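Let's walk through this model together, one packing arrangement at a time. Have the structure open beside you as you read.

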Amino acid sequence: MYPVYDDDAALLLSLTIAAKRRPAALDEIITALAMAQHGEIPAKSKLVDAFARMGVCGLIVEAEGGYTLSAEGQAMMTGQRAKDDSATRLAHIKQQLSNFDPKEKHPSIQVTQEQLLAAIQSYKAAQHSHQGKNIQTDKPKSKRSWIPTKDLVQGKQHLPSKRRKP
C-alpha cells in the first residue's frame with residue numbers, strides 16, 4: 001500500500017480499541033481516536049478519506065450498522081505489544097501498512113462528513129458534561145461507609161480502649 005497516512009494508522013488503532021466485542025459506531029470510534037491521540041481528532045475530510053482507503057484495501061468492513069476490522073486487519077493488529085504507548089503503536093502500524101499489499105479490491109466505505117460531524121459533536125459534548133472526570137473509572141462513593149478522619153481524631157466516635165482498668 002502506498003502512500004501511508006498518519007490518519008490511516010490512527011483509524012486502525014482506534015478501531016482495534018472500539019470494536020473489540022462488536023462493530024463500533026462512529027461516536028465510539030471518535031472517542032477511541034481521541035484517546036489514542038491524546039485528545040486530538042483529525043479533520044473530517046481526512047477521516048472520510050481514511051475510511052475510504054482502508055475499506056478499499058480490505059482492512060475495515062461495515063457490519064451490523066457499525067465498523068470493524070476485517071480478518072486481514074485483525075491479523076495486522078495482533079502483533080501489537082500491550083506495554084507500548086500510542087506513538088510507538090502508531091509507528092508500528094504505519095510500518096505494517098507500508099508493507100501491506102492488498103490482494104484484491106474491496107468496496108469503499110462511504111462515511112459522510114455530516115456523520116463524522118455529529119459523532120465529533122457528541123464526543124465534545126460528553127467531554128464538557130464530565131469536565132475532567134474519567135467516565136470509565138470514576139464511581140460515586142457511598143457516604144454511609146465513609147467516616148471522616150477528623151471525626152475519628154476528635155473523638156466524636158467512641159472507640160473502646162485497650163487498657164485495663166484497675
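In which hand does α1 pass α5? The crossing is right-handed, a label given when the near helix is turned clockwise from the far one by less than a right angle, anticlockwise being left-handed.

## What you are looking at

This is a predicted model, in which local features need pLDDT of at least 70 and side-chain atom pairs count only at pLDDT 80 or more, while totals for chains, interfaces and linings use all residues. Residues are numbered from 1 along each chain as its sequence is written, and side-chain values use heavy atoms, with hydrogens and water left out.

The protein has 7 helices and 2 strands, arranged from the N terminus as α-α-α-β-β-α-α-α-α. Helices (H or I, at least four residues) and strands (E, at least two) are DSSP runs, numbered from the N terminus. Of the 166 residues, 31% are buried; buried means under 20% relative accessible area, exposed over 50%, and partly exposed in between, with a 1.4 Å probe and protein chains only. Among contacts with a separation of 6 or more, 67% come from residues 24 or more positions apart, where contact means heavy atoms within 4.5 Å.

## Helix α1 against α5

A pair of packed helices is described by the angle between the axes and the distance between them. For α1 (residues 6-18) and α5 (residues 86-99), the axes come within 9 Å and cross at roughly 110°. That makes α1 roughly perpendicular to α5. The axes are lines fitted to C-alpha atoms, for helices over the stretch in contact, and angles run from 0 to 180 degrees between N-to-C directions. Angles under 35 degrees count as roughly parallel, over 145 as roughly antiparallel, 65 to 115 as roughly perpendicular and the rest as oblique.

On the α1 side, Asp6, Asp8, Ala9, Ala10, Leu12 and Leu13 meet Ser86, Arg89, Leu90, Ile93, Lys94 and Leu97 of α5. The residues of this contact of α1 with α5 divide into 7 nonpolar, 1 polar and 4 charged. Here Ala, Val, Leu, Ile, Met, Phe, Trp, Tyr, Cys and Pro count as nonpolar, Asp, Glu, Lys and Arg as charged, and the others, Gly among them, as polar.

## Helix α1 against α2

The axes of α1 and α2 come within 8 Å and cross at roughly 115°. These two helices are therefore roughly perpendicular to each other, and their crossing is right-handed. From α1, the contact takes in Ala10, Leu11, Leu13, Ser14, Leu15, Ile17 and Ala18; from α2, Glu28, Ile29, Ala32, Leu33 and Ala36. By class, the contact of α1 with α2 has 10 nonpolar, 1 polar and 1 charged residues.

Within α2 (residues 26-36), the buried residues are Leu26, Ile29, Ile30, Ala32, Leu33, Ala34 and Ala36. After α2 comes histidine 38, with a positive phi near 55°.

## The hairpin

Strands β1 (residues 60-63) and β2 (residues 66-69) run antiparallel and are joined by 4 bridges; pairing requires that DSSP finds at least two bridges between the strands. Isoleucine 60 stands opposite leucine 69 in β2. The hairpin has 2 residues between its strands, and glutamate 64 takes a positive phi near 50°.

## Around histidine 92

Histidine 92 sits in α5 and, at 33% relative accessibility, counts as partly exposed. Leaving aside neighbours within four places in sequence, histidine 92 is in contact with Gly79 and Gln80.

Glycine 79 lies in the loop between α4 (71-77) and α5, and is partly exposed at 44% relative accessibility.
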